[in-house]
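Okay, thanks everyone for coming. I'd like to walk you through one model today, so let me put it up on the screen.

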Amino acid sequence: MTGLAADRRTFLKGLGVLGAAALVPGCATSTSSPGSGGSAATGELSLQSNLSAEQAKGAMEKLVAAYNKTGGAQVELNTVASEIYRTQLPTYLTSANPPDVYTWYAGSVADSYAKKDLLLDVSSVWEGMGNYSKAMQTLSTSSAGQKIFVPTSYYWWGMFYRKSNFAKWGVTPPKTWEEFLAVCKTIQSKGVPPIGIGLGDTPWVASAWFDYLNIRINGAPFHRDLLAGRGRFDDPKVKAVFTKWQEVLPYFDPKGKSFPFQEATSALLGGKTGMFLIGTFFADSAPKDALDDIDFFQFPIIDPAVPVAEEAPTDGYFASKKVKDPEGVKKFMAWLATAEAQEIYVQSSSGTAIPANPDGKSADTPLVQKGKAMIESAAELTQFFNRDSSDALQPTADAALTKFLDKPDQIDDILKTWQAAAEKVFKA
Amino acid sequence: MNRLKTTGYHLSMGLISFLWIAPILWVIVISFRSFDDVAANGLGSLPRSFTFSTYVQAWQDADEFRALINSLLVTIPAVLLSLGLASIAAYGLARYNIPFRRTVLLLMLMGNLLPPQILLIPISRFVELIGYYDTLIALIAVHVGFGLGFYTFVLHGFMRDLPKEIQEAATIDGAGPGKIYASVILPLTRPAMAALGALSFTWIFNDLLWSITVIRSGEKMPVTPALLGLQGLFVSSWNVIAAGTVIAAVPTVAVFLRFQKHFVGGLAIGAVK
């Protein structure tokens, strides 16, 4: 070929080569796709993270930097917006050249990927994790009996309130359902809606009420079976949950249906509502000066005969089955399971997460210590509606619970519709 | 009476314009509020603080500079390529008696009627198969592919209406098809090209769906997914997101202001013969 004056024949020849080049990887189908941005066997691991919020992202960067100093495979952190991550995770896992390690949730959600044979068996990592609680082990085991998950931190849910407001209204944190109703009545008499909620854009917040009422009335095993498709939503026992809920419905903030939970947090802090059943992540949206005034109490006990269960959503990591360097990945995950690694993360993130490793130190604030004590004394732990079932079942709960809050007198109809919708999800 | 009419007109039009622009103003106001102000008083309240730090934060946390560069690296080649190819295709289809040209044109348009959502998985898998997954080239190719049909259709309509005599005169002067395209037809099509250019720039720049489908690395993401990255798992700093949005809107607004004249004129393309 001489310069630009390539004649027609060389041009055609060039085209042929291009075409062949395009065909070759095409024939190789999906076994391996060369050069698609991955990190093939160069002693590098890719960690796909959904922790895109400012603080959490910084904490992850610190964590990875600390590991990279220990030698071994270098980890490359790739943070993707959480909203994108949620929808793209199945695509990542099923792609020909998937990232190695992923941030995600323990329990049924992780197991649903294990059932599709997409996750790496990390049983050997667990050999060094003997001090982890039984609950953590169960959460990290797939239905096929393999360990597929490494938990690193968890948080808790509770009835949060402002100490100064409770003092002003002259109420003390209730322990039982009767006391709780009395507190609601008192707060309402002061002209404040007692129970705050935020369901606009975040309808899943209502599931916390369903979860807690169900584990308080029917117990955690029933709750788990129900969410796994081994129970029915039109069961009279489920109806009992809603009749109990009706007792407190008049105390809910009527404005709560229109704004998301973040605005509901503002309402609580501003004294426009009395209490708020929410996870500790809400603290990130609180102004710093209000944080010292915040306290919580355990969701009231309804039936003392039912073993006390708490919601403790657990976060951690799993790895793709197709990792290029399984030993390096397992070494990294074993490091993530150490108390040292979890402390690095917990200290640099928002501070309300608790290390999954029992030897790991959590933040020293009274609030976190109280939350940790509550979770450790619980007889049973549940995750959260979507984590105990699947992301596909969550919308059916959102629809049913939102409808219940609007039309509490149509429980039977709502439960029948919910059961039908759930059956469709379980059959899919 | 006449004065009353004019005042009424201006009043009502002013009100409608205000309604139109109010959400944008609201975003700008939020972008200057501090996090504690938003958290304590809610998004809807009047501002009680003023800060520029949100802009700094958005610029750094979302890495907006890199994201904007990525966006431009995708948008500019995609606009140039798709308009270039579309104008060549339209030239051929409009000015020459190519057999089945109607079918070709309809086929191209049909592709545009397909909802892009059903193509997400095939495209993501195909891009992976040819080894271009997670590259900006893949994103450019997708945008060119999707834009081509519509741009060709619009340009075809415009070129068809150019007088035949100009082309005949050029032929007599000894110009071949390539020369006619480059020196006669293309300059005459400029208004349509400018309008389409501004339109496609906004479309491609504002795209989110395709970028998250073919790109996986955070550092290769264009500005729209980067903005999404400012949203936390549970809690979002809306003031920082608002600031990021204002920054991300600058390029499209600049392009629009530059091509405004053509943009408005271009909307009427093909409307009157």
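First, some housekeeping. This is a predicted model, so local features need pLDDT of at least 70 and side-chain atom pairs count only at pLDDT 80 or more, while totals for chains, interfaces and linings use all residues. Residues are numbered from 1 along each chain as its sequence is written, and chains are lettered from A, and ligands numbered from 1, in the order in which they are written.

Okay, chain A. We get 19 helices and 12 strands here. When I say helix or strand, I mean DSSP runs, H or I of at least four residues for helices and E of at least two for strands, numbered from the N terminus. The C-alpha atoms of chain A fill a box of roughly 90 × 50 × 45 Å along the principal axes. Of its 428 residues, 46% are buried. Buried means that 20 or more other C-beta atoms lie within 10 Å of the residue's own; 12 or fewer is exposed, in between is partly exposed, and the C-beta atoms are placed from the backbone.

The partner of A:Trp104 in E10(A) is A:Gly316. That bridge belongs to the antiparallel pairing of E3(A) with strand E10, residues 314–319 of chain A, which has 5 bridges. For two strands to pair, DSSP has to find at least two bridges between them. On another side of the story, E3(A) pairs with E1(A) in the parallel sense over 2 bridges, and A:Leu47 stands opposite A:Val101 of E3(A).

Why is strand E3 of chain A, residues 101–105, largely enclosed by the rest of the structure? Because 5 of its 5 residues are buried. A:Val101, A:Thr103 and A:Tyr105 point one way, A:Tyr102 and A:Trp104 point the other way, and all are buried.

Zoom out a bit. These strands sit in an open sheet of 6 strands in chain A, in the order E2-E1-E3-E10-E4-E11, with mixed pairing. Strands E2 (74–79) and E11 (354–355) of chain A stand at the edges with a single partner strand each, so one side of each has no neighbour in the sheet. E2(A) pairs with strand E1, residues 44–49 of chain A, in the parallel sense over 6 bridges. One example is A:Leu45, whose bridge partner in E2(A) is A:Val75. Packed on the sheet is helix H2 of chain A, residues 54–69, touching E1 and E2 of chain A, and its direction makes about 170° with that of E2(A). Those angles run from 0 to 180 degrees between N-to-C directions, with axes as lines fitted to C-alpha atoms, for helices over the stretch in contact. And contact means that C-beta atoms, placed from the backbone, lie within 7 Å.

Next, the domains. Chain A is assigned domain 1 (44–154 + 313–360) and domain 2 (157–311 + 381–427), with bounds from an automatic or database domain assignment. Their C-alpha centres lie 29 Å apart. The contact between them takes 11 residues from domain 1 of chain A and 14 residues from domain 2 of chain A.

Then there's another strand to look at, E7 of chain A, residues 275–279. It is largely enclosed by the rest of the structure, because 5 of its 5 residues are buried. Strand E5 of chain A, residues 157–162, runs antiparallel to E7(A), joined by 5 bridges, and A:Trp157 stands opposite A:Gly279. Strand E6 of chain A, residues 195–196, pairs with E7(A) in the parallel sense over 2 bridges.

Finally, chain B. UniProt, in an unreviewed entry, annotates residues 68–259 of chain B as "domain: ABC transmembrane type-1". UniProt positions follow the numbering used here, feature names are shortened, and annotations may be inferred rather than shown by experiment. Over residues 68–259, chain B is 77% helix and 0% strand, and the end C-alpha atoms are 20 Å apart.

Definitions and conventions. Two residues are in contact if their C-beta atoms, placed from the backbone, lie within 7 Å.
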